[in-house]
Amino acid sequence: MRHILSIQGGGIRGIIPCLALAELEGQLGGLTRDHIDLCAGTSTGALLTACVAAGISASAALKVYTERGPDIFSPQSDFSRRVKLIADGHMFDNKILHQVVLDTLGAAAGMKINDCPIRVLITAVDMAGKRWFFVRDNPKNAQTTGKYPLVDAAVASACATTYHGPWIVPGSGFFFDGGTGGLADPIYHAAVEAFYYDDFVPPETQIVNLGTGSYAPATMPNPPTNLLDNISWVTSSLVSGSKSEAEETVDRHWPGITQSFNPEIPSEIDEADVASIPKLLEIGKAAAAKIDWKTVLQDK
């Protein structure tokens with residue numbers, strides 16, 4: 001049995017799947033990449049995918065959120081963010097995000113997609129609206145994305161519209177977050193890549209899908225009352241809608257091969273809400289403790 005790990009987008013809520021991976025490493029030993037064959041990620045999931053592929057432990061990756069999250073999502077005040085959004089079209093500095101990823105990957109920061117010891121899939125969207133899938137070159141695919149740096153692919157995927165400005169991938173132009181391009185959950189495209197453009201076989205493959213927390217309001221929310229709130233609502237709706245659609249599509253095409261872990265969160269938590277880090281740690285630890293990774297990956 002071969003295993004695909006798919007990690008959804010969600011900004012600072014990436015704490016939740018990161019803690020699930022920490023539990024995996026605690027239960028099974030070694031690194032996450034020792035136990036899977038392909039890792040796919042969008043946005044914060046792309047950052048975790050880069051860490052997994054580069055051999056960074058989940059506990060080290062967690063520091064990206066707990067220690068560097070306030071740097072990535074600075075300024076913290078709502079007023080300052082709104083002023084910067086109006087002036088620049090985004091609230092945060094993508095160069096800080098890039099530096100954090102470089103620091104985290106350390107000696108592996110120069111790794112190309114083709115250098116990854118496991119297969120990866122990282123989603124991003126270029127400024128023409130074309131969706132890209134950064135994967136290792138192999139005889140069954142177009143062999144066009146393996147040459148790109150892992151760091152650039154991950155940062156490009158994490159630059160969510162209105163949050164961070166588009167990131168330039170040398171040789172191909174500017175890219176933004178795959179989540180706002182309908183790829184917030186990369187599970188379907190990971191399955192397509194594995195089954196049609198690689199040598200994975202559905203009956204012998206299992207997909208583990210890690211979410212960043214789901215929230216269902218008890219009552220219908222009120223509509224946005226101004227332009228900036230409307231922009232935020234549109235962005236969040238695009239991300240949320242694409243997540244549910246992707247997993248449902250996989251279940252329809254390849255029933256029975258997916259296990260999903262996406263705990264409920266008690267209230268809506270914005271992708272940049274660093275004040276919610278303690279709450280996310282609590283939610284993530286409780287959810288991770290319920291996963292029996294030996295059973296989940298029993299055929300590995």
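Partly exposed means a relative accessible area between the two cut-offs, buried being under 20% and exposed over 50% (1.4 Å probe, protein chains only). The model here is predicted, so to speak for local features a pLDDT of at least 70 is needed, and side-chain atom pairs count only at pLDDT 80 or more, while totals for chains, interfaces and linings use all residues. Residues are numbered from 1 along each chain as its sequence is written, and side-chain values use heavy atoms, with hydrogens and water left out.

**Exercise 1.** Work out how Lys84 and Asp88 are paired, and how open each one is.

*Solution.* Start with the contact: the closest N and O atoms of Lys84 and Asp88 are 2.8 Å apart, a salt bridge (a side-chain nitrogen of Lys or Arg within 4 Å of a carboxyl oxygen of Asp or Glu). Finally, check the accessibility: Lys84 is partly exposed at 23%, and Asp88 is partly exposed at 42%.

**Exercise 2.** Find the partner of Arg119 in a salt bridge, and say where the two residues lie.

*Solution.* The partner is Asp199, with the closest N and O atoms 3.6 Å apart. This pair links distant parts of the chain, 80 residues apart: Arg119 belongs to strand 3 (residues 119-126), and Asp199 to the loop between helix 8 and strand 7 (205-210). Now widen the view: Arg2, Arg119, Asp198 and Asp199 are linked in a network of salt bridges. For the whole structure, the search turns up 8 salt bridges.

**Exercise 3.** Describe the largest cavity by its volume and its lining.

*Solution.* First, the volume is about 250 Å³ (a cavity is a set of points on a 1 Å grid over the protein atoms alone where a 1.4 Å probe fits but cannot get out, and lining residues have an atom within 4 Å of a point; the volume is the space filled by probe spheres set on the points, which are joined across faces, edges and corners). Then take the lining: 24 residues, of which Gly10, Gly11, Ser43, Phe73 and Ala158 lie nearest the centre of the cavity. Helix 2 (44-54), helix 3 (58-66), helix 4 (69-72) and helix 9 (227-253) each give two or more residues to it.

Notes: On a 1 Å grid over the protein atoms alone, a cavity is a set of points where a 1.4 Å probe fits but cannot get out, and a pocket is an open set with protein on both sides within 12 Å along at least five of seven lines; lining residues have an atom within 4 Å of a point. Helices (H or I, at least four residues) and strands (E, at least two) are DSSP runs, numbered from the N terminus.
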